[in-house]
Amino acid sequence: MTALVTANDLKRSYDIRRGLFRAPAQLQAVGGISFAIDAGKTLAIVGESGCGKSTLARLVTLIEKPSAGTLSLDGLDAVHPPAGAAKALRRTVQIVFQNPYGSLNPRKRIGAILEEPLIINTNLGKQERRAQALDMMAKVGLRPEQYGRYPHMFSGGQRQRIAIARALMLRPKLLVADEPVSALDMSVQAQVLNLLADLQRELGLAYLFISHDLGVVRHIADDVLIMYLGLVMEHGPKERIFARPLHPYAQALVDATPGLGRKGRRIVPKGELPSPLDPPAGCVFSTRCPHVTELCRAQRPPLRPLDGRLVACHDAERFLDTQPA
Ligand SMILES: Nc1ncnc2c1ncn2[C@@H]1O[C@H](COP(=O)(O)OP(=O)(O)OP(=O)(O)O)[C@@H](O)[C@H]1O
Ligand SMILES: [Mg+2]
């Protein structure tokens, strides 16, 4: 089976102006990321603020073009789409953002918000559009009488349901969810995560699920990809990484997650996140790694297979021996 989404060495850099007389600097927000997502599966992208998660989301949802690398969606080249394929590609992937307040037009009723993608992209008549909107409202747990209400009349969790419903109106195969529950209360987070899991099962959706919090993705993820300063630190099946993270940064994230942390150990990164404009030579995590060696400061470790996942650490083997599987 070929994957629904295949990203190969995706890169995105930005020119940052530094005043009139200095040359612009290059900021590499995404520094060469590869992954595949099968239909109906979830890849979770996890890393702290500024590591490039939203930039990656914009590349995968075709909002921005990569500076380099390839991306294929449902068998189509998404970077250089074949003639006539752009529209089909855009329908294949949709996005849900963190803040459901900003992403819903406050002057439109829910019905109109949900039907807008149908008006733009289909020839459906009024009755059929309304029927599809009501059907999608039911799927995301909204009631028919809410069809005529405005966004401000809803709670944050309900608003996120509306944003999810709108994203699904054109029946995408991939939903990119960029911190979809981070702005919600804990109890509401669980409800929205359960909804996403139900919708995945019902509609066969694939998710690229972005979070700064490993705890949020622990139930929904199949694979996990851990990013730091635009690069992959560790990538593989959730069970592998959660049970025995090999990269020290992955270990730190696992240890910091309530209910996941390993007994009797806790890795805490040293110091501050370096500026992405001036990333460390060698391993990008070397300035904060408690196990750093001279080799780490000098040479960037390649992402390599080990113990059923990919890991970018020169010394990953030593963590195989010291941790319980
Ligand atoms: N349009 C842009 N122009 C310049 N720099 C940008 C642009 N977009 C993102 N960046 C920079 O790229 C890096 C990655 O940003 P990005 O928003 O992708 O991170 P993130 O992981 O989503 O962070 P957060 O968790 O805070 O949402 C940051 O250093 C950011 O400042
Ligand atoms: Mg972001």
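## Salt bridges, a ligand shell and a buried leucine

Asp307 and Arg240 form a salt bridge, with the closest N and O atoms 2.9 Å apart. This pair links distant parts of the chain, 67 residues apart: Asp307 is in the loop between β11 (304-306) and β12 (309-311), and Arg240 is in helix α8 (residues 238-243). A salt bridge here is a side-chain nitrogen of Lys or Arg within 4 Å of a carboxyl oxygen of Asp or Glu. Helices (H or I, at least four residues) and strands (E, at least two) are DSSP runs, numbered from the N terminus.

The model is predicted: local features need pLDDT of at least 70 and side-chain atom pairs pLDDT 80 or more, while totals for chains, interfaces and linings use all residues. Residues are numbered from 1 along each chain as its sequence is written, chains are lettered from A and ligands numbered from 1 in the order in which they are written, and side-chain values use heavy atoms, leaving out hydrogens and water.

The structure holds 18 salt bridges. Glu234, Arg240, Arg244, Asp307 and Arg309 are linked in a network of them.

| Pair | N to O distance |
|---|---|
| Asp307, Arg240 | 2.9 Å |
| Asp74, Lys173 | 2.7 Å |
| Lys139, Asp135 | 3.3 Å |

Lys139 and Asp135 are separated by about one helical turn because they are four residues apart in helix α4 (residues 126-139). Asp74 is partly exposed, at 34% relative accessible area, and Lys173 is partly exposed at 40%. Buried means under 20% relative accessible area, exposed over 50%, and partly exposed in between (1.4 Å probe, protein chains only).

Lys173 is also among the residues that Leu205 touches, as are Leu168 and Pro172, not counting residues up to four places away in sequence; contact means heavy atoms within 4.5 Å. Leu205 is in the loop between α6 (186-203) and β8 (206-211), and counts as buried because its relative accessibility is 1%.

Ligand 1 is surrounded by 14 residues, the closest being Ser49, Gly50, Lys53, Ser54 and Thr55; a residue counts as near if one of its heavy atoms lies within 4 Å. The shell divides into six nonpolar, five polar and three charged residues. α1 gives the most to the shell, with four residues. An oxygen atom of ligand 1 is 2.6 Å from an N or O atom in the side chain of Thr55, and a polar side-chain atom of Arg58 lies 3.3 Å from a nitrogen atom of ligand 1.

Note on methods
Polar contact = N/O pair within 3.5 Å; in protein donor to acceptor, adjacent residues only side chain to side chain. Nonpolar A, V, L, I, M, F, W, Y, C, P; charged D, E, K, R; others polar.
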